[in-house]
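Morning, everyone. Please take a look at the sequence and the structure on the screen, and then we will walk through it together.

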Amino acid sequence: MKLKSRPAKIAFYLLKLILSAALLWIVFRKVDLALVLSSILSLPPAILLLVFLLSAVRHFLQFNNWNWALKLNPDYRVTPGQVFRTYMLGIPLRFILPGGNGSFAKVFFVDNSSKLATAVSTLSEKAVMTWSIILFAAIGALAYYAQYPLWLRIAAVFLIAETPHIALFVMKQVKAWQRFEPNAKKYGPHMLLAQIMAVLITLLQYWLLLNCLHSISFKQIVIRISLTQFSNIIPITISGLGLRESFAMHFLNGTGISAGQAVTATLSLFVLQDLIPAVIGTMFFWKRGVKR
């Protein structure tokens with residue numbers, strides 16, 4: 001369904017904001033907000049700095065992914081300045097629509113051979129990010145949902161892991177996409193590996209933050225936070241706020257980590273990894289366009 005009128009678009013966005021606020025209210029109704037804020041402020045500065053630096057590394061990996069995604073178009077002449085500026089613009093754009101889909105607006109800021117080619121690059125970048133989240137969620141589910149048949153859980157991991165090969169096969173069959181295939185073979189593996197590393201960095205960040213609050217093994221982080229991260233691709237709240245906290249409270253339950261501690265970790269990482277870079281990225285909107 002397309003929302004054509006401006007009032008309808010505004011109303012739809014406000015509905016998402018209200019849903020986000022409602023979920024946050026449900027979350028904080030179950031925890032002591034003052035205690036959460038106190039816990040965030042009591043986190044060791046050295047750990048916060050380390051988590052922030054890891055976020056910088058993660059953004060560097062994501063920047064490279066955007067660069068490789070643009071190179072899928074054989075007619076695009078990559079300029080580092082434009083790649084960097086459009087990547088930075090994409091960070092605050094993710095806050096515009098649920099599920100981070102606002103980042104697709106980067107299409108209008110790239111000087112490319114065509115908007116369609118840029119759309120393919122943007123879709124490819126998003127697809128790789130989504131693939132990595134689903135892959136790790138499937139790995140987490142392999143251990144967490146022991147009540148389901150083992151063959152079914154293994155098959156799910158295998159099928160998701162093979163999705164990039166299936167996508168490449170489909171690309172070869174669709175005439176309009178065939179010109180992207182050579183560079184997809186060249187840059188696709190780099191994108192997949194970089195995104196896997198980005199997810200591992202996120203898991204490490206959660207392990208660092210949560211161990212400041214309660215001891216938890218990295219194995220449990222991989223299982224439970226991988227499932228928590230699945231909330232990031234469910235497009236019903238702005239930047240996953242509220243939904244991610246609910247997932248964290250559910251999946252970390254039983255590890256000794258309280259609801260308040262789970263929320264402390266998710267909100268701390270949100271500020272360090274998403275909010276601060278988004279503020280920096282917003283400054284690029286004050287410039288007159290994004291040029292080569």
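**A walk through the helices**

Let's start with one residue. Glu-125 counts as buried, because its relative accessibility is 6% and the cut-off for buried is under 20%. Find Glu-125 in helix H5. Who does Glu-125 touch, leaving aside its neighbours within four places in sequence? The contacts are Gln-62, Trp-66, Ala-69, Lys-106 and Met-191. Now look at Gln-195. Glu-125 and Gln-195 are 70 residues apart in sequence, yet 9.6 Å apart in space, C-alpha to C-alpha.

One caution before we go on. This is a predicted model.

Now the overall picture. The protein has 11 helices and 0 strands. Read along the sequence, the pattern is α-α-α-α-α-α-α-α-α-α-α. There are 292 residues, and 46% of them are buried. Next, take the contacts between residues at least 6 apart in sequence. Of those, 72% join residues at least 24 apart.

Ala-56 sits in helix H3, residues 45-70. Ala-56 and Gln-273 are 217 residues apart in sequence, but their C-alpha atoms are 7.9 Å apart in space. Is Ala-56 buried, exposed or partly exposed? Partly exposed, because its relative accessible area is 42%.

On to how helices pack. Two packed helices are described by the angle between their axes and the distance between the axes.

First pair: H3 and H8. Their axes are 9 Å apart, and they pack at an angle of about 165 degrees. Angles over 145 degrees count as roughly antiparallel, so H3 and H8 are roughly antiparallel to each other. Their crossing is left-handed.

Next pair: H8 and helix H11, which covers residues 259-282. Here the axes come within 10 Å and cross at roughly 130 degrees. H8 and H11 are therefore oblique to each other. H8 passes H11 in a right-handed crossing. Which residues in H8 meet H11? They are Thr-202, Gln-205, Tyr-206, Leu-209 and Leu-210. On the H11 side, the partners are Gln-261, Ala-265, Thr-266, Ser-268, Leu-269 and Gln-273.

Last pair: helix H9, residues 218-229, and helix H10, residues 243-251. Their axes come within 8 Å and cross at roughly 155 degrees. That makes H9 roughly antiparallel to H10. The crossing is right-handed. From H9, the residues at this contact are Arg-224, Leu-227, Thr-228 and Gln-229. From H10, they are Arg-244, Phe-247, Ala-248 and Phe-251.

Stay with H9. A quick length check: at 1.5 Å a residue, its 12 residues should span 16 Å. The end C-alpha atoms are 15 Å apart, which agrees. How many residues of H9 are buried? The count is 9 of its 12, so H9 is mostly covered. The buried residues run from Ile-221 to Gln-229, and Ser-226 is one of them. What covers them includes H5, H8 and H10.

Zoom in on Gln-229, which lies in H9. Gln-229 is buried, because its relative accessible area is 12%. Not counting residues up to four places away in sequence, Gln-229 touches Ile-133, Thr-202, Tyr-206 and Arg-244.

We finish with helix H6, residues 150-161. Same length check. At 1.5 Å a residue, its 12 residues should span 16 Å, and its end C-alpha atoms are 17 Å apart, which agrees. Which residues of H6 are buried? Arg-153, Val-157 and Ile-160. Seen down the axis of H6, the buried residues fall within an arc of 70 degrees, so they line one face of the helix. Those buried residues pack against helix H5, residues 115-144, and helix H7, residues 163-173. On the other side of H6, Trp-151, Phe-158 and Leu-159 are exposed.

So, to recap H6: Val-157 is among its buried residues, and Phe-158 is exposed on the other side.

Methods. Residues are numbered from 1 along each chain as its sequence is written. This is a predicted model: local features need pLDDT of at least 70, side-chain atom pairs count only at pLDDT 80 or more; totals for chains, interfaces and linings use all residues. Side-chain values use heavy atoms; hydrogens and water are left out. Helices (H or I, at least four residues) and strands (E, at least two) are DSSP runs, numbered from the N terminus. The expected span of a helix is 1.5 Å times one less than its number of residues. Buried means under 20% relative accessible area, exposed over 50%, partly exposed in between (1.4 Å probe, protein chains only). The arc is that of the directions from the helix axis to the C-beta atoms. Contact means heavy atoms within 4.5 Å. Axes are lines fitted to C-alpha atoms, for helices over the stretch in contact, and angles run from 0 to 180 degrees between N-to-C directions. Angles under 35 degrees count as roughly parallel, over 145 as roughly antiparallel, 65 to 115 as roughly perpendicular and the rest as oblique. A crossing is left-handed if the near helix is turned anticlockwise from the far one by less than a right angle, and right-handed if clockwise.
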